[in-house]
Amino acid sequence: MPDESLFAVPQELLILGAAVKTGIVEALHGKPMTVEDLARELNCNARAVWMVTEALAELGYLVRENGRLRLDDQSASMFYDENAPNYTGFAFMHRYNIIKAWIHLPDIIRTGIPYPKEKETPDLPFFLASMARSALQGSAEIAGFCLAGYKKGARVLDIGGGPLTYARAFAALGAQVTILDLPPVVDYMSSFLKENENIEMLPGDFNLGLPQGPYDLVFMGNICHIVGESGNKGLFKKAANVLPIGGKAAIIDFIRGTGPQAAVFGVNMLANTPEGGVWSFEQYSTWLAEAGFGEVVLHELAGRQLLLAVKVK
């Protein structure tokens, strides 16, 4: 149903995102500063810094004290204190970053070519923070469901699991987890691994190959939308090759035809990837069957759509 309230420009996100990108938030987290000192330190226009910080203060992100500005205590805990109840980190910056591609949607519709990311400096920490946060709710329930019937020590291959959220949920249940993710992701996230987490991270590209295994479960969390039909067919065949008969493949992703959110996310893939999209249950079932899987079932779990399939040949 059309909703006029959705037509508003996300001004608060744009203001806050710009303040993060230009260093305003980080600078005012470090120490209180005047507008003039802040502009000078960041090498920014003083008038522009004043207008933006005025808006941030009125929105509640900054506090004015004795002619200086500082980050509000609640904002500081929200962005920086992982133990705070209101902690979000900077996960919202991923949403800020993809706005650029959506603005170019008319050109993308005409050409079918996504917004050229090579012109931008990738904000990997923001992206990973967003992925980790979005997976947090329900990750334990999903891991338990996927590992049902397995004994402690089950081997799990988590493809694209760099944000660590699902990997940690599997490991907490006694699984031995191997993460395969791109080298920059592994380089960045390895330092976040804690001792004795029973998780190893391997750099690699699932389009090129998977670790040999064997594994009991291949988990594919929010990666199937990145590639097209041929990419998913190849991925499922690779997954089958590292599983024994009776091993399972689990897929978390949007499923086309289940509601407007899936279709809208498909447009996000149009804007940001050359072949990615959102695929239907029938497409997944066909591709998985061709790879040797059967018993493909779609589950609604923890607010997510989970496809579970068993290797039968």
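Q: Hi! Let's start with the aromatics: how many aromatic pairs does the structure hold?
A: Happy to! This is a predicted model, and it holds 13 aromatic pairs. Take Phe-90 and Phe-92 as one of them: their ring centres are 6.0 Å apart and the planes meet at 45°, so the pair counts as tilted.

Q: Is Phe-90 buried or exposed?
A: Phe-90 is buried, because its relative accessibility is 16% and the cut-off for buried is under 20%.

Q: And which residues do the ring pairs link into a cluster?
A: Tyr-61, Phe-79, Tyr-80, Phe-90, Phe-92 and Phe-126. So Phe-90 and Phe-92, the tilted pair, both belong to that cluster.

Q: What sits over the ring of Tyr-215?
A: That would be the charged end of Arg-155, 4.8 Å from the ring centre. Tyr-215 also turns up among the contacts of Thr-178.

Q: OK, where does Thr-178 lie, and what else is it in contact with?
A: Thr-178 is in strand β4, residues 176-181. Setting aside neighbours within four places in sequence, its contacts are Val-156, Leu-157, Asp-158, Glu-200, Leu-202 and Tyr-215. Thr-178 is buried too, at 3% relative accessibility.

Q: Let's zoom out. How many helices and strands are there in the chain?
A: There are 14 helices and eleven strands. The C-alpha atoms fill a box of roughly 70 × 50 × 35 Å along the principal axes.

Q: How much of the chain do buried residues make up?
A: Buried residues are 47% of the 313 in the chain. The accessible surface comes to about 16700 Å², with 56% of it belonging to carbon and sulfur atoms.

Q: Which domain does UniProt list for residues 154-293?
A: The UniProt record, an unreviewed entry, gives "domain: O-methyltransferase C-terminal" for that range. In the model, residues 154-293 are 36% helix and 22% strand, and the end C-alpha atoms are 19 Å apart.

Q: Tell me about helix α10. How many of its residues are buried?
A: Helix α10 runs over residues 165-172 and is mostly covered, with six of its eight residues buried. Those are Thr-165, Tyr-166, Ala-167, Ala-169, Phe-170 and Ala-171. After α10 comes Gly-174, which has a positive phi near 95°.

Q: And α14, which residues are buried there?
A: In α14, residues 281-290, they are Tyr-284, Ser-285, Trp-287 and Leu-288.

Q: What do they pack against?
A: The buried residues of α14 pack against helix α12 (229-241) and against strands β7 (248-252), β8 (255-256), β9 (279-280), β10 (293-301) and β11 (304-311). Just after α14, Gly-292 takes a positive phi of about 105°.

Q: Now a couple of single residues. Where is Ile-24 placed, and what does it touch?
A: Ile-24 is in helix α2, residues 24-30, and at 4% relative accessibility it counts as buried. Not counting residues up to four places away in sequence, Ile-24 touches Ala-19, Leu-38, Leu-42, Val-52, Thr-53 and Leu-56.

Q: Last one: where is Phe-192?
A: Phe-192 is in the loop between α11 (183-189) and β5 (199-203). Phe-192 is partly exposed, with a relative accessible area of 37%. Leaving out residues up to four places away in sequence, Phe-192 touches Leu-164, Arg-168 and Glu-197. Phe-192 and Leu-164 are 28 residues apart in sequence and 8.8 Å apart in space, C-alpha to C-alpha.

Definitions and conventions:
Residues are numbered from 1 along each chain as its sequence is written. This is a predicted model: local features need pLDDT of at least 70, side-chain atom pairs count only at pLDDT 80 or more; totals for chains, interfaces and linings use all residues. Side-chain values use heavy atoms; hydrogens and water are left out. UniProt positions are given in the numbering used here, feature names are shortened, and annotations may be inferred rather than shown by experiment. Helices (H or I, at least four residues) and strands (E, at least two) are DSSP runs, numbered from the N terminus. Buried means under 20% relative accessible area, exposed over 50%, partly exposed in between (1.4 Å probe, protein chains only). Contact means heavy atoms within 4.5 Å. Rings of Phe, Tyr and Trp (its six-membered ring) pair if their centres lie within 6.5 Å; planes under 30 degrees apart count as stacked, over 60 as edge-to-face and the rest as tilted. A charge sits over a ring if NZ of Lys or CZ of Arg is within 6 Å of the ring centre and within 35 degrees of the ring normal. Accessible areas come from the Shrake-Rupley method with a 1.4 Å probe; for residues, only the protein chains shown count as cover.
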